[in-house]
Amino acid sequence: MKKISLNRIPVYLFFGFFGSGKSTLINKLLESKKLKDTALIINEQGDNDFNNIIFEKNRDKIFDINSGCICCVKKSKIGLTFEKISKKKNIKQVILETSGISSPEIVTQLLINDYSIIKNFELKKIITVIDPIKALENLNNWQEAEQGVYLANDLIISKRDLVSSEYIK
């Protein structure tokens, strides 16, 4: 019989379309002393991870899953990434930042059904970041954007300083 830890590490899953402000928000969150024991998994579409520039000061707790959106990457690579994190000491939570085109439905299913992940980790919350300038366009043209809103526990509207409060309503 497979065993699941009673003390699983919480995973906070961040969705948001390209340019929504996910990386900026996560970088600000990681500046908090309360999150010093947080591992960050960054998923980038290409081979180069430009987010490494943003997150350089937390490099020892950053794990990259590049070369495609996380929903299309081999499950074994994702499982191995979580396995590496489980072996690190003092990791109290994980933030998973998906690429801008990842399928929220597929990633969520992976995090709640894949034994190699759920034995030590628990999906705690889904956070979707929305760029108000592009929100309607993305929601009307991309199923992934719609799924991200539908599955979210929390919706965060970024770039509020670029639009009026009337526009957001």
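Which residue of β4 is the bridge partner of Y12? The views below take up this pairing and its surroundings in a predicted model. Residues are numbered from 1 along each chain as its sequence is written, and side-chain values use heavy atoms, with hydrogens and water left out. Local features need pLDDT of at least 70, side-chain atom pairs count only at pLDDT 80 or more, and totals for chains, interfaces and linings use all residues.

**View 1. Overview of the protein chain.** The protein chain has 8 helices and 6 strands; helices (H or I, at least four residues) and strands (E, at least two) are DSSP runs, numbered from the N terminus. Along the sequence these elements follow the pattern β-α-β-α-β-α-β-α-α-β-α-α-β-α. Of the 169 residues in the protein chain, 45% are buried. Buried means under 20% relative accessible area, exposed over 50%, and partly exposed in between, with a 1.4 Å probe and protein chains only. Contact means heavy atoms within 4.5 Å. Among contacts between residues at least 6 apart in sequence, 74% join residues at least 24 apart.

**View 2. Strand β1 and its pairing with β4.** Two strands pair if DSSP finds at least two bridges between them. β1 pairs with strand β4 (residues 93-97) in the parallel sense, over 4 bridges. The bridge partner of Y12 in β4 is I95.

View 3. Strand β5 covers residues 121-130. Because 7 of its 10 residues are buried, β5 is largely enclosed by the rest of the structure. β5 pairs with β1 in the parallel sense over 7 bridges. Here I9 stands opposite F121, and L13 stands opposite I126. β5 also pairs with strand β6 (residues 154-157), in the parallel sense and over 4 bridges. In that pairing, I127 stands opposite D154 of β6.

**View 4. The buried side of helix α4.** Helix α4 runs over residues 104-113, and its buried residues are P104, V107, T108, L110 and L111. These residues cover an arc of only 160 degrees around the axis, which puts them on the same side of α4. The arc is that of the directions from the helix axis to the C-beta atoms.

**View 5. The two sides of helix α7.** In α7 (residues 143-151), the buried residues are A145, Q147 and G148. They fall within an arc of 160 degrees seen down the axis, so they line one face of α7. The cover over these buried residues includes α4, β5 and α6 (135-141). The face turned away from the buried side carries the exposed residues Q143, E146 and Y150.

**View 6. The contact of α4 with α7.** The axes of α4 and α7 come within 8 Å and cross at roughly 50 degrees. Axes are lines fitted to C-alpha atoms, for helices over the stretch in contact, and angles run from 0 to 180 degrees between N-to-C directions. The two helices are therefore oblique to each other; angles under 35 degrees count as roughly parallel, over 145 as roughly antiparallel, 65 to 115 as roughly perpendicular and the rest as oblique. P104, E105 and T108 of α4 meet E144, Q147, G148 and L151 of α7. The residues of this contact divide into 2 nonpolar, 3 polar and 2 charged. Ala, Val, Leu, Ile, Met, Phe, Trp, Tyr, Cys and Pro count as nonpolar, Asp, Glu, Lys and Arg as charged, and the others, Gly among them, as polar.
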